[in-house]
Amino acid sequence: MFHYDIVRYKYLVLIGFLLVSIIGKAQTTIGKDDGKNGPHTITVYVNDAEDKSQLIGANVIVKENGEGDITNERGRTRLNLTSGNYTLEVSYLGYETKEEKIVVLGKGTIRIKLTQSAETLEEVIISSEGADQNVRNTDLGKQVMSIATIEALPPFVGEADILKSITLLPGVSSVGEASAGFNVRGSNADQNLILLGGAPLYNPSHLFGFFSAFNTDLIQDISIYKGGIPANYGGRASSIIDLRYKRGDQDNWGGKASLGLVSAKASLSGPVFTEDLTVMVAGRSSYSNWILNAVNDAAVSNSSANFYDLNAIVDYDIADDFSVRYAFYRSNDDFSLASDTSFTWSNQNHTISLDKNFGEKFKIELSAVDASYNFGIVDNSPFSNFTIDSKIKDQGLNFAAKYFVADNHDISIGAQTKLIKIQPGDLNRVNPESPIEPFSVKNEKAMESGIFAQHNFELTKYLGVSYGLRYNTFRFLGPNQVPVYDPLLPRNEENILSFTEYGDNDLITDYSGFEPRASLRLSMTESFSLKFGYNKMYQYIHLISSTTTIAPTDVWKLSDTYLKPQEVTQYSGGLFKNFNNNSIEASVEVFYKDLQNILDYKDGATLILNNNLESDLLNGIGRAYGVELYLEKKTGNFTGWLSYTYSRSERKVVGSFPEEIINDGDWYASNFDKPHSLSIVGDYKLGKRTKVSSIFTYSTGRPTTYPEAKFNYQNGTNIAYYDNRNTFRVPDYHRLDLSLTFGWDTENKWLSGDWVLSLYNVYGRKNAFSVFFDDIPGSPPQAFRLSVLGIPFPSLSYNFEF
Amino acid sequence: MRLNTLYILGFTLMIFGLSSCIDELNIDTEQKRNILVVEGMITTENGPHKISLSKSAKYGSILEDDIKKEQNATLFIRDEVGDQVFLTEGSSGSYFTPADFKAEVGRSYTLSITLANGERYISTKELVPEVPKLNSIVLLWKKQPSLSDIQFTSGIEVYANWNDPEDEKNYYLWQTSGLFKINARPDLHVSKNFFGNPVPDPKDCCEECYVSETLGGLSIFKDNLTNGNEITHRVGFIEDDGRRFMDKYMVILEQRSLTKNAFQFFDLLNNQLSIQGDIFDPPPAKIGTNIINLDTPDEDVIGYFGVSDVSRDSIFLDNGIILENQPSRILNDDCRVLPGSTTEIPSFWN
């Protein structure tokens, strides 16, 4: 009897082995048998079976011993197992749970692919974090958006757009359709640090803000920090937008492409020789020139509006616990009107990063970043043509080490340093006959460094603390020529007493400061928590712009003898509650911000080609406060969110002289103070490949300056007289967008893609981009409204994978 | 095809923010301020030079509030050696210097105003800077970008050419005016009868007139980027209205000097006039002044009392440079109905 059982057992094992070799992958053997029993380190990667993206926060459990862990931000976890047979159970919200049988012989790697669950296929929101993370962690004012979420929104001119999607979140707003910047919790657009794969991006948009300047196909996810900003981030005073790249496909070569009305994009990725080395390349280009050229008018067809962006990302796993990445990014815009003037701008970033783990508990990251932003204006008008070229070069080194003390307990330390060089404007002639005298605004150079430590830990299930400290130094360096102003007179060109000369790398002035950060979580129940946060940040670079967008007419300026660093202190708190097994997320957050050394400008300031910019600028303070409500339904056929924000953003400028006072020294609304802001986003799945999405958004009109009187000058034209700034508002903004996504499964993969038909501004609301005043013959002097897209705007795009 | 056109239009609208996206917006600015407005400039040419006084009104239609001329004020201009001239009121709110009064380069002048209600104002002292002589006037034909093949705006761009002196900062203002001959058809004149129907009503005179016009648009310039060079700068645009360029057109250009403060004033005014609601608009700013209320110095005043040296030149337009003429609009009336017209042939014509 006993003998028979043994024989039968051996027989079954034999069949089993045969089956394994025939079917191939029912059981995976890991490592080589070196005779040692272990424990061996088994590295487990979890990916989406479809788009190969890394799944972060997936649960990996060894059924035999109940041990397990969740995957980290690279979709990876490690297990320590002795030789033997095991079953891994891998689960992730919105995916089919998978059991994978493994035979462990030695140290090795296994890749597990999960398929999205049938009932939620293609419309689940892939959060990079666990379902209950919003309640469970100490993050406050942080929002993670996945590309799936962004791609599910109705697109604008056929393009899923990251920056436009961000403005649908509570506390984030933008000035209007054609505006590249966005404002987080009442802060200026230059106070957002936008990191693309770790490198700063100075101009995040194409075509003056109509499109984001990066390709969504390469982005794994986007983390938006509005408050509670961890100490490893510094340099900008208000918010962090961290866009992380995906890793290239480690199994097969494949790609994605999308054709829209204005632009097309494609990406391709795959392994090179080995799955350890992957490459991902992508490109996007507009073909709007073709459309412009088709217009049968010389003036229009001579205009051009071109943009492109390119990416290349190479990942190499030198060892299981040691990887290196190189990322390249370039964007370019070229915009010219038939009226002789053209604008160009381009970003170019190189990033190299090393990621090394020492065992399970300790890892270090090293990176080198070279970022540049070049922008220019070319004026080709007859007789007096000129070019103005400006450049920013930002080169930095970053180091961070993280020690995982235990589950939910880690300590990080790090250091960052960078050299920033700005060429604020070089004026040159196009041809030698031009009377323009070449002129350069004095260049600027500074070294900005920071060290930080961050400690996150969970004292009990009910109490979590996360706190950190960052120390910054900023050294403004020569060569430079610094004017000395008469201290008793207003700061202007006439009152310069002398200039102080500084040689190359001479220290002109320096600033330093501590930036404490802290957040605290108190959990009442598993699904309900209270959080508090505090953070302070300094910023040493200023965007000085007289327009409402980030454009080549802007000036970027470093802090110097006269312009002190911007300083923002934020206090925030929130209530977080999940319902229905974490399928419904709700939160209420409040914040108060104190802003110091905020710049505004004098009436009639000259910003461009100004060597003594400080004489046209005013130094002010600001305050912003608000409450943000957020409700999201994350699963089912109907998903979506509602966000509502009530907030105010105000400024105050009181200088020593009458010309240095704005609005009699009272608080006045900032350019982007929009008290009420509401977004409703819905996504309804009609069938396996068909769904409709909608966005409704409403906000109070932005502040603007209205004339206080009209007067006659110059041949009887009525001219508007302005005095106090931003005392009125443009009409309220609201808009509805709809889109329909559909597709058919066919034999041909080129034809099996998704069609996206969308309608922007469904009811044709003429939202005012601006309100201005003019006296046009034939009617009384009156207000006019410029609506950038005041008509329903349809678009069609086709997205497919290959 | 229809859809295609729509897309092209839509996209072009989108990137250019064309005027069809601009519409009137009924806004009541609510505020009403009556601020003294002073406009006027004395030059080194013979007078009479005009200074106008008015009060600002609520921004909006004349039915709500209208700009009122400031009448019965007393104005005089004094130079630094104490010579002074009184201005006499012509039409309401307009005050004129004597015809033989002219400013001199290198001297400074102040304007004093006493309003009918007794309020007293004085300008800052303005020194007359010398203006470099005009070398020549350059004219170019220009067609403005348009979405339509049939309707477009075209005209003549006026460029001033001069040598900018090297050892000083110069600020300029240009005034462009024109004189043209018009051939009308008074014999085709039509009147409306009692029932409002048109009936032929030929007139005997006049077919040929000479019309002089002052062209609007403010053109100013500073030499900070071009100091000491020979400069050709665009100073004006004369639109082809289908009438001006039918016969012979003479462009008259005055090149005037400005003080730095006057330049800053006109620069702000220019910014204000250039606001079109687009992304490159300068922010609205408070217009300054060099006029101060002697009793309440904080009172807001609008306008600038300017002093200028003038260099003047003129040129006949060579109609051959016009590549596409606008459809002509023949005046079926007595040509003297046009403002600024006369039947007398100017002495320098031909």
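Author: A:Asn761 is buried, as 22 other C-beta atoms lie within 10 Å; a residue is called buried if 20 or more other C-beta atoms lie within 10 Å of its own, exposed if 12 or fewer, and partly exposed in between, with C-beta atoms placed from the backbone. The model is a predicted one, in which local features need pLDDT of at least 70 and side-chain atom pairs count only at pLDDT 80 or more, while totals for chains, interfaces and linings use all residues. Residues are numbered from 1 along each chain as its sequence is written, and chains are lettered from A and ligands numbered from 1 in the order in which they are written.

A:Asn761 is not a glycine, yet its phi is positive, about 60 degrees. It sits in the loop between strand S48 (754-760) and strand S49 (770-774) of chain A. Strands here are DSSP runs (E, at least two residues), and helices likewise (H or I, at least four), numbered from the N terminus.

A:Asn663 also has a positive phi, near 50 degrees, and is a residue other than glycine. Its loop runs between strand S39 (638-652) and strand S40 (668-669) of chain A. A:Asn663 has 17 C-beta neighbours inside 10 Å and so counts as partly exposed.

Most residues other than glycine have a negative phi, and most peptide bonds are trans. In chain B, the bond from B:Gly47 to B:Pro48 is cis, with omega near 0 degrees. B:Pro48 belongs to the loop between strand S2 (36-43) and strand S3 (50-55) of chain B. Another cis peptide bond joins B:Cys205 and B:Cys206, with omega about -5 degrees. The loop holding B:Cys206 lies between strand S16 (198-200) and strand S17 (208-214) of chain B.

As for confidence, chain A has a mean pLDDT of 85, and 91% of its residues reach 70 or more; pLDDT is the predictor's confidence in each residue, from 0 to 100. Residues 1-26 of chain A have pLDDT below 50, and beyond near neighbours in sequence this stretch has four contacts in the model. Residues 119-128 of chain A are also below 50, with 28 such contacts. Two residues are in contact if their C-beta atoms, placed from the backbone, lie within 7 Å.
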